[in-house]
Amino acid sequence: MAQGAKNCFNVHNQITIAYQPIMPSKISSHYFSAVLKNPDIPFWIGSVGFFTLGSRALAVVIGYQIYKITHSALSLGWLGLVEAIPALSLVLIGGYVADHFSRRKILLITRGASCVCGLALAALSLHSYAHSLFGLYSVIFAAGIARGFADPASTAFEAQVVPKAMTATASSWIGSAWVACSVIGPAIIGFVFDDWGAYGSYLLITGFFILSWVSTRTIGPKPQVMPEHKEPLLKSISMGWRFVLGHQPFWAAMALDLIAVLFGGVIAILPIFASDILHVGAKGLGLLNAATSVGALGTMLYAAKHPPIAKAGRNLLLTVAGFGVSILIFGFSKNFLLSLAALTLSGAFDGISMVIRRSMVRLLSPDDMRGRISAVSWVFICSSNELGAFESGMVAAWIGAIPCVVVGGVVTLAVVGLTAWIAPQLRKLRFDPQTMERVYLP
């Protein structure tokens with residue numbers, strides 16, 4: 001057996017420690033502020049933040065633009081599928097590439113591709129976008145290709161930028177930046193769209209992508225552990241899957257998030273609620289998109305000082321259940337303010353879940369397999385987001401937007417109960433918040 005495969009199956013020997021009582025999950029103010037004193041972490045936060053501003057704003061503009069062209073829930077579903085096909089097809093190869101080539105260079109190339117896609121969308125919308133539907137889908141398809149390589153490289157490169165001792169706190173800082181920009185991007189782009197149209201919106205989005213590229217470029221090259229033996233592509237990719245499927249906390253957490261977002265996610269069909277149910281237009285759509293991130297921002301800022309990883313598994317299950325309840329409230333709501341509150345609540349629960357899952361991938365992955373394990377994680381994430389968008393569009397076209405959301409909330413709650421029953425290792429997963437090592441209960 002190759003050395004890489006041995007590392008895959010012997011990771012428990014690297015991280016097992018004797019049981020010790022768990023202290024309260026609280027990080028000292030020294031560690032809280034030391035994260036920002038590291039010269040590279042603020043630039044990484046900027047890279048993530050600016051890219052999030054652009055990508056979240058882009059999701060609002062492209063969705064609203066296509067819905068205004070077609071007035072079809074199914075067309076919103078196709079939008080998710082168009083991005084999911086290349087992203088899902090290439091993400092595993094992207095994980096292999098991220099483990100065998102410079103992750104920093106991969107990010108610079110893919111961030112540059114995002115800039116080109118933003119300009120292409122602006123060009124298509126320069127005069128009249130009423131006849132550019134195929135062009136819009138084509139550019140999103142190209143963006144999905146870039147994403148297939150960018151996502152695993154980004155997750156793996158973060159581990160090179162952030163020292164292990166700062167993992168949980170840095171994850172909360174980075175996650176908070178992501179969430180804050182997820183609030184700002186959708187919130188402002190609706191107003192920009194009303195004033196400047198799609199053309200001006202895409203130019204602004206391209207500017208955000210350029211700033212992300214510059215922030216990434218500012219971070220110097222980092223030492224990267226390469227696999228000792230370069231196995232054939234398919235064998236190397238399979239090692240990432242074997243690792244994830246061989247460790248119950250990994251596959252259970254990923255599957256839980258996959259099903260919850262696949263069925264409980266509502267972002268893809270928010271244009272329907274904004275236009276036809278709540279009657280709030282593009283500005284209201286931007287606020288609805290931002291609401292989930294507003295909720296997540298508060299919980300993630302709190303988690304920066306109090307990471308929820310001491311009882312990670314239990315906390316993950318509870319937060320996904322809370323997400324399901326909030327989605328049910330949104331589904332039944334006919335009031336704009338109540339809908340905003342429900343989406344804010346869903347974001348609060350999702351923010352905690354995000355910190356836990358980000359920390360799990362960081363702390364439980366061997367260095368020389370981070371790209372491939374991250375790629376498997378992104379398969380689940382892409383499936384839940386983009387295929388979830390397709391599922392939402394299809395089901396909403398079939399039974400209506402409101403029943404679609406309600407069914408999704410019920411399915412999410414059912415899956416939480418099933419996961420808690422069949423995955424005891426996830427339910428009992430704990431980390432020592434001081435050493436960031438996994439704690440095994442007797």
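## Close-up views of a predicted model

View 1. Setting aside residues up to four places away in sequence, Ser-353 touches Leu-316, Thr-319 and Val-320. This serine belongs to helix H14, which covers residues 336-364, and because its relative accessibility is 3%, Ser-353 counts as buried. The view also takes in Ala-253, which is 100 residues away from Ser-353 in sequence, although the two C-alpha atoms are 9.5 Å apart in space.

**View 2. Ser-346, another serine of helix H14.** Ser-346 also lies in helix H14, and with a relative accessible area of 2% this residue is buried. When residues up to four places away in sequence are not counted, Ser-346 touches Thr-292, Phe-323, Ser-326 and Ile-327.

**View 3. The largest nonpolar core and the contacts of Leu-121.** The largest nonpolar core consists of 49 residues, and those with the most contacts inside it are Ile-62, Leu-121, Tyr-202, Ile-205, Ile-269 and Phe-330. Helix H4, which spans residues 41-70, supplies the largest share of this core, namely 8 residues. Which residues does Leu-121 touch, if residues up to four places away in sequence are not counted? They are Leu-58, Ile-62, Leu-136, Val-139, Ile-140 and Tyr-202.

View 4. A pair of aromatic rings is described by two quantities, the distance of the centres and the angle of the planes. The structure holds 4 aromatic pairs, and one of them joins Trp-44 and Phe-157, whose ring centres are 5.5 Å apart and whose planes stand at 70°, so the pair is edge-to-face. Because Trp-44 lies in helix H4 and Phe-157 in helix H7 (residues 133-161), the pair ties together parts that are 113 residues apart in sequence. Trp-44 and Phe-157 are both buried.

**View 5. The tilted pair of Phe-273 and Phe-330.** In this pair the ring centres of Phe-273 and Phe-330 are 4.8 Å apart and the planes are at 45°, so the arrangement is tilted. Phe-273 is found in helix H11 (residues 270-277) and Phe-330 in helix H13 (residues 312-332), and the pair therefore links distant parts of the chain, 57 residues apart. Phe-273 and Phe-330 are both buried, and Phe-330 is also among the residues with the most contacts inside the largest nonpolar core. The buried residues of helix H11 are Leu-270, Pro-271, Ile-272, Phe-273 and Ala-274, while just after this helix His-279 takes a positive phi of about 55°.

**View 6. Arg-111 over the ring of Phe-51.** Here a charged side chain and an aromatic ring are shown together, with Arg-111 lying over the face of Phe-51 at 4.2 Å from the ring centre.

**View 7. Leu-90 in helix H5.** Leu-90 is part of helix H5, which runs over residues 73-100. Is Leu-90 buried, partly exposed or exposed? Its relative accessibility is 22%, and therefore Leu-90 counts as partly exposed, since buried would require under 20%. Leaving aside neighbours within four places in sequence, Leu-90 is in contact with Ile-145, Gly-148 and Phe-149. Of these contacts, Ile-145 is 55 residues from Leu-90 in sequence, yet the C-alpha atoms of the two residues are 7.0 Å apart in space.

View 8. Cys-115 is in no disulfide, and the nearest cysteine sulfur, which belongs to Cys-117, is 9.3 Å away. Because its relative accessibility is 11%, Cys-115 counts as buried, and Cys-181, at 13%, counts as buried too.

**View 9. Confidence along the predicted chain.** The mean pLDDT of the protein is 80, and 85% of its residues reach 70 or more. Where is confidence lowest, and where is it highest? The lowest is in helix H2 (residues 11-15), with a mean of 30, and the highest is in helix H6 (residues 103-124), at 94. Over residues 1-30 the pLDDT is below 50, and in the model this stretch has 65 contacts beyond near neighbours in sequence.

Technical notes:
Residues are numbered from 1 along each chain as its sequence is written. Side-chain values use heavy atoms; hydrogens and water are left out. A disulfide is a pair of cysteine sulfur atoms within 2.5 Å. Buried means under 20% relative accessible area, exposed over 50%, partly exposed in between (1.4 Å probe, protein chains only). A nonpolar core is a set of buried Ala, Val, Leu, Ile, Met, Phe, Trp, Tyr and Cys residues joined through side-chain atoms within 4.5 Å. Helices (H or I, at least four residues) and strands (E, at least two) are DSSP runs, numbered from the N terminus. Contact means heavy atoms within 4.5 Å. Rings of Phe, Tyr and Trp (its six-membered ring) pair if their centres lie within 6.5 Å; planes under 30 degrees apart count as stacked, over 60 as edge-to-face and the rest as tilted. A charge sits over a ring if NZ of Lys or CZ of Arg is within 6 Å of the ring centre and within 35 degrees of the ring normal. pLDDT is the predictor's confidence in each residue, from 0 to 100.
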